[in-house]
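I opened this structure for a first look and kept notes as I went. Here they are, in the order I made them.

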Amino acid sequence: MTASDTLFRPIDLGPLHLENRIVMAPMTRTYSPGNVPNQQVIDYYRRRAEGGTGLIITEGTFIDHPAASGYPNVPAFYGDAALAGWKKVVDAVHAAGGKIAPQLWHVGAIRRPGVMPGGDTPGHSPSGMARPGKVTGHAMTQQDIDDTVAAFARAAADAKRIGFDAIELHGAHGYLIDQFFWDGTNQRDDAYGGDLAARSRFALEIIRAVRAAVGPDFPVIFRFSQWKQQDYSARLCETPEELKAFLMPLAEAGVDIFHCSTRRFWEPEFDGSDLNLAGWVKKLTGKPTITVGSVGLNADFLPDDGTADFRAAQPASIDNLLERAARDEFDLVAVGRALIANPDWANQVKEGHLDSLKAYEKDMLKTLA
Ligand code: FNR
């Protein structure tokens, strides 16, 4: 079993044709002064497309709602200047043979005090769960909710208009959509709070509005996670049955692909099976899935003792990943930090040049290389 037989098989996901299974995971980089993606950002994504990445999912880019952005120098996804910048990113990626989707983002109650636009933050409901140095806000009014739903739909329509190949909705990691999903933050007693089905209502409204805005043939990816940045051990679903009940309404509302965010791809999601989260989601919903989490980190960079058994024994190893990809446990594999360290990660792995890959170091975030 080789990478060519597994990760580098082309795939058609509805209208989305990908040359291989490698996806660039969305990663906030804060290199867009004035919230406009500039030439540096264009070149950064172009390099990943030239390096053989099948599908790029951009850093989270915030929608047109007063409280959507939580960090400075994050690109916006509205306004003529930001969208013109994004159009140049799209064109550069396409010219290099790649495909690209923006990750549409609203941070909700997770934001640094003082970051634009300042003032009160519509969030989910006061929760006390934000991290130190971050603030929680007031419970969203129906007007806040309607405005946010409409802003996601406008952003999706704009993405399609300027040539993106798909969109991803950021429903993970404890940001706004996830603040509704998670009972650790959703304390509402109206129709948007209660059991997980009720807490999904906000996401369902967004997905339906996005689907209506882009039509039936434009791919909609939905990223979700059990873990929250406020609590790595948080869980939305304890059993496969709960997971299915949670996801089927999202699929029926218009999600084409689930991006199942985990921190380690090899970890079994539920007892009694070694399927990871993306494996379970694919099995339960029948939808294509993206796996993610420490691909290309750790064991791949440990010195090999010269035996194949050594690498196969490491849970983070490429062999473990290839084995899972070969049995179609999931469809696509997102790579984050390893792709920051190696813009040509996909081509290097395809050629079998694992030894020449650079190890990721945190200092690499200090430049946009
Ligand atoms: C991230 N991650 C992330 N996730 C997301 O959905 N939207 C985002 O904007 C970001 N931003 C971000 C920035 C940086 C610097 C890192 C390292 C990560 C999470 C990311 O998409 C991915 O899930 C994790 O990094 C795990 O994948 P790797 O890095 O282990 O391959």
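I began at one strand pair: Ile 167 stands opposite Val 220 in β9. Strands here are DSSP runs of E with at least two residues, and helices are runs of H or I with at least four, both numbered from the N terminus. I noted that the model is predicted, with local features needing pLDDT of at least 70 and side-chain atom pairs counting only at pLDDT 80 or more, while totals for chains, interfaces and linings use all residues. Residues are numbered from 1 along each chain as its sequence is written.

Next I looked up how β8 is held on both sides. Four bridges join β8 to strand β9 (residues 220-225), and the two run parallel. Strand β5 (residues 99-105) is also parallel to β8, joined by two bridges. On that side, I found Gln 103 opposite Glu 168 in β8. Two strands count as paired if DSSP finds at least two bridges between them.

Which way do the side chains of β8 (residues 167-170) point? Ile 167 and Leu 169 go one way, Glu 168 and His 170 the other, and all are buried. Buried means that 20 or more other C-beta atoms, placed from the backbone, lie within 10 Å of the residue's own.

I then stepped back to the whole sheet. It is a closed barrel of eight strands with parallel pairing, in the order β3-β4-β5-β8-β9-β10-β11-β12. Neighbouring strands are turned by 25° against each other on average, direction ignored, with axes fitted to C-alpha atoms.

My next stop was the ligand. There are 22 residues around it, and Ala 25, Met 27, Gly 60, Gly 336 and Arg 337 come nearest; the C-beta atom, placed from the backbone, must lie within 6 Å. Both β4 (55-62) and α12 (337-341) give two or more residues to this shell. By class I read ten nonpolar, nine polar and three charged residues, with Gly counted among the polar ones.

Last, I checked confidence. The chain averages a pLDDT of 89, and 88% of the residues score at least 70; pLDDT is the predictor's confidence in each residue, from 0 to 100. Over residues 299-305 the pLDDT is below 50. I also wrote down ipTM 1.00 and pTM 0.93 for the model.

Conventions:
Buried ≥ 20, exposed ≤ 12 C-beta atoms within 10 Å, placed from the backbone. Axes fitted to C-alpha atoms, helices over the stretch in contact; angles between N-to-C directions. Contact = placed C-beta atoms within 7 Å.
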